[in-house]
Amino acid sequence: MKKDMTITYTVENALYVNVTNRCTNACDFCIRKNGDGAYGSDSLWLVREPTEEEILDSVFSRDLSEFCEIVFCGYGEPSIRLDTVISVAKKIKEKSDLPVRINTNGHSSLYHGYNTAPLYEGAFDCVSISLNTPSPERYDEICHPVKDGAHAAMLDFAMEVKKYVPTVMLSVVKDFLTADELAECHEIADSLGVYLKVRDYIS
Ligand code: SF4
């Protein structure tokens, strides 16, 4: 692992992979607003984006038998580097039986300008998508997406990627929702036939 940046870090029994600090949202609840790391990690601000080789070196420098899962996550939106994360995920799966997840804001197809969902097949066992709010209006207020139509595009992506990966889930931060909004989020998840993960705000 490069000493000048943290590419992989541990969260409980999972190995997290940090490939970019770029993001297509600027969420009010983003963990990056409150510090430099996550869950006790070193700083996750990257001095530059790691190459595919550096990411693989960092992953395989670990004893993967110690982990139950590999997760592509922040500090940023991993799908911005879609070709790299797909390639890295597939190479991990060639050498390991660990399940691989990507935590994403679901803007993959919106950002890249085409239907990216088929690319996720064979790379990820789970795609966890931040639903955040039931409505586009609240989404724009809380998440400040750089592109219009982000909420609808996120839901379209969730529907589409279900065709290609075994598990898709949605997530919300409950502290930023009213009880009615949380109930609406459950209805959306039910309508899509996916699990809704409700998590606490990380201050
Ligand atoms: S999508 Fe994730 S990384 Fe991006 S601003 Fe929101 S919480 Fe932060």
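Residues are described here as buried when their relative accessible area is under 20%, as exposed when it is over 50%, and as partly exposed in between, with a 1.4 Å probe and protein chains only. The structure is a predicted model, in which local features need pLDDT of at least 70 and side-chain atom pairs count only at pLDDT 80 or more, whereas totals for chains, interfaces and linings use all residues. Residues are numbered from 1 along each chain as its sequence is written, and side-chain values use heavy atoms, with hydrogens and water left out.

Helices (H or I, at least four residues) and strands (E, at least two) are DSSP runs numbered from the N terminus. With a relative accessibility of 5%, N132 counts as buried. A positive phi also occurs at H144, which follows α4 and is placed in the loop between α4 and α5 (150-161); the value is about 50°, although H144 is not a glycine. H144 is partly exposed, its relative accessible area being 37%.

Within α4 itself, Y139, I142 and C143 are buried. Seen down the axis of α4, its buried residues fall within an arc of 80° (taken from the directions from the helix axis to the C-beta atoms), so they line one face of the helix. An α-helix has 3.6 residues a turn, so residues three or four places apart point the same way. Where contact means heavy atoms within 4.5 Å, the buried residues of α4 pack against β5 and α5.

A nonpolar core is taken as a set of buried Ala, Val, Leu, Ile, Met, Phe, Trp, Tyr and Cys residues joined through side-chain atoms within 4.5 Å. The largest such core has 52 residues, and those with the most contacts inside it are I70, F72, Y120, F124 and L170. When residues up to four places away in sequence are not counted, the residues that Y120 touches include L82, I86, V127, F157 and V161. A second, separate core of 9 residues includes V11, Y16, V71 and C73.

Helix α1 (residues 52-60) packs with helix α2 (residues 82-95) at an angle of about 35°, their axes lying 10 Å apart; axes are lines fitted to C-alpha atoms, for helices over the stretch in contact, and angles run from 0 to 180 degrees between N-to-C directions. This contact is made by E52, I55, L56, V59 and F60 of α1, together with T84, S87, V88, K91, I92 and K95 of α2.
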